[in-house]
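Subject: The structure for you to look at

Hi there,

Here is the structure I promised to pass on to you. Have a look at it first, and then read my notes below with the model open beside you.

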Amino acid sequence: MYKFSFHNHTTRCQHAQPDMSDDSLVQAHIAKGFTSMAFTDHCPWKTLIHPSGIRTRMLYSEKKEYIASIDMLKKKYAEEINIFSGYEMEYIPSLHEEMVQMRKEADLILLGQHYLYNYDTGSVQGFNYSQDHISEKDLLHYPVLIEQAAREGFPDIIAHPDIYLKNRLTFGDTEERIAHRIAQIAVQHHLPLEINLAHIAACMDGRMSKEHYPNADFWRVVSQYPVQVLFGIDCHWLFQLDLYEASIKRAQEIIGKKTMAALSFCTEEDIIRRRR
Ligand SMILES: [Zn+2]
Ligand SMILES: [Zn+2]
C-alpha cells in the first residue's frame, strides 16, 4: 500500500465533484491511511483560460486563496498527515515566467501535458487525442515539450505520460518511439512517471466506458529502463479514493505481471529529496 497521494484536484478546476471541499479531500485521505498528500490542481494562467474556451482550471485570481487554503490545512492536520502544495502544469514555452513563479510558490509540480504547442505560430492547442485529427508531427511534439520542461527543471513528476495514446488505435512505430523517448527523458532527469488511475476508477464507477490509460504497451517499453514510477489517483471525485486499492489491482492487471515486476516504484522521500 502506497501511503502518499500526489495527484489531487479541487473544485476550482470546475470539473471536480462540486461539493468536495479541500477539507473533505484531506479527511478522505486520512481515513484511507495516507500519511502524505499533495494538492495539485490545474494551474491557473494569467492569459490562457483554456484553448478551447471551456474553463477547466482555476482563475488566476483564485491562486492566492488556493495556496492559503492549503497552508491552513497543513497546520490544521499537521498531526495527522503531511500536506504539500502543488500544481498540475503544462509546459507552454510562451508562459515561461508564469511557470517559474508557480514552481517557486508550490512544493510540487506535476507535468500534465494536456496541450500541444505550435512552435511555428506560438499558439496553444488542446491536445487532440484522436488518431483522425492528430498529425504525426503534432504527436512527435509531445515528448519534445516534456523534454524541454524537464531540461528547464519544472516537473517533479510526469503525470499520465501515456496520455498521448488516448484514442490511438494502434501502438505502432511512432507511438513506440515516443515511449522510448519519454523513458529516456525520465532516466536522464531522474523524473518519476505516474501510472494514472483516474480512468480505471471512472470505469469501475460506470462514469466512463474506456480505460484509456494506463497503456500496457507504453509501460512495457518503460519497464526496460531504470525509471521510477508511482501511482496517481488524479482525484477529482471522492469515490476515486474509495476505489483506490481496486484501481491499483486493475492497473496491475492491465499492465501485466511481467511488466509490473520489472517496474521500480519510488517512495515519497525519493520525490521530496529530488526536489531539494
Ligand atoms: Zn492531467
Ligand atoms: Zn490531474
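**What I found**

Let me start with L25, which sits in helix α1 (residues 22-31). Helices here are DSSP runs of H or I with at least four residues, strands are DSSP runs of E with at least two, and both are numbered from the N terminus. Please keep in mind that this is a predicted model: local features need pLDDT of at least 70, side-chain atom pairs count only at pLDDT 80 or more, and totals for chains, interfaces and linings use all residues. Residues are numbered from 1 along each chain as its sequence is written, while chains are lettered from A and ligands numbered from 1 in the order in which they are written.

Is L25 buried or exposed? L25 counts as buried because it has 23 C-beta neighbours inside 10 Å. The rule is that a residue is buried if 20 or more other C-beta atoms lie within 10 Å of its own, exposed if 12 or fewer, and partly exposed in between, with C-beta atoms placed from the backbone. Leaving aside residues up to four places away in sequence, L25 touches N8, M20 and C235. Touching, or contact, means that the C-beta atoms of two residues, placed from the backbone, lie within 7 Å. W237 is 212 residues from L25 along the chain, yet their C-alpha atoms are separated by 9.0 Å.

F34 belongs to the loop between α1 and β2. F34 has 22 other C-beta atoms within 10 Å, so it is buried too. Its contacts, not counting residues up to four places away in sequence, are K3, F4, S5, H29 and I81. F34 and E80 lie 46 residues apart in sequence, and 9.1 Å separates them in space, C-alpha to C-alpha.

**Two helices, each with a buried side**

Helix α2 (residues 63-76) has 14 residues, and from its first C-alpha to its last it reaches 20 Å, close to the 20 Å expected at 1.5 Å a residue. That expected span is 1.5 Å times one less than the number of residues in the helix. Which residues of α2 are buried? They are Y66, I70 and L73. These cover an arc of only 65° around the axis, which puts them on the same side of α2. The arc is that of the directions from the helix axis to the C-beta atoms. An α-helix has 3.6 residues a turn, so residues three or four places apart point the same way. The face of α2 turned away from the buried side carries the exposed residues K64, E65, A68, D71, K75 and K76. Among the elements that cover the buried residues of α2 are α1, β2 (36-42) and β3 (82-89).

Now try helix α9 (residues 244-255). Y244, S247, A251 and I255 are the buried residues of α9. Seen down the axis, they fall within an arc of 65°, so they line one face of the helix. E245, K249 and E253 are exposed on the other side of α9. The buried residues of α9 pack against β8, α6 (198-204), α7 (216-222), β9, α8 (239-242) and α10 (257-262). Just after α9, G256 takes a positive phi of about 95°.

**Strands side by side**

Six of the eight residues of β3 are buried, so β3 is largely enclosed by the rest of the structure. β2 and β3 run parallel and are joined by seven bridges, with S36 opposite N82 in β3. Strands count as paired if DSSP finds at least two bridges between them. β3 also pairs in the parallel sense with β4 (residues 108-111), over four bridges, and E88 stands opposite L110 in β4.

Strand β8 (residues 193-196) has L193 and I195 pointing one way and E194 and N196 the other way, and all are buried. β8 pairs with β9 (residues 228-232) in the parallel sense over four bridges, where F231 in β9 is the bridge partner of I195.

**The whole chain**

The protein chain comes to 11 helices and 10 strands. Buried residues make up 42% of its 276 residues.

Enjoy exploring!
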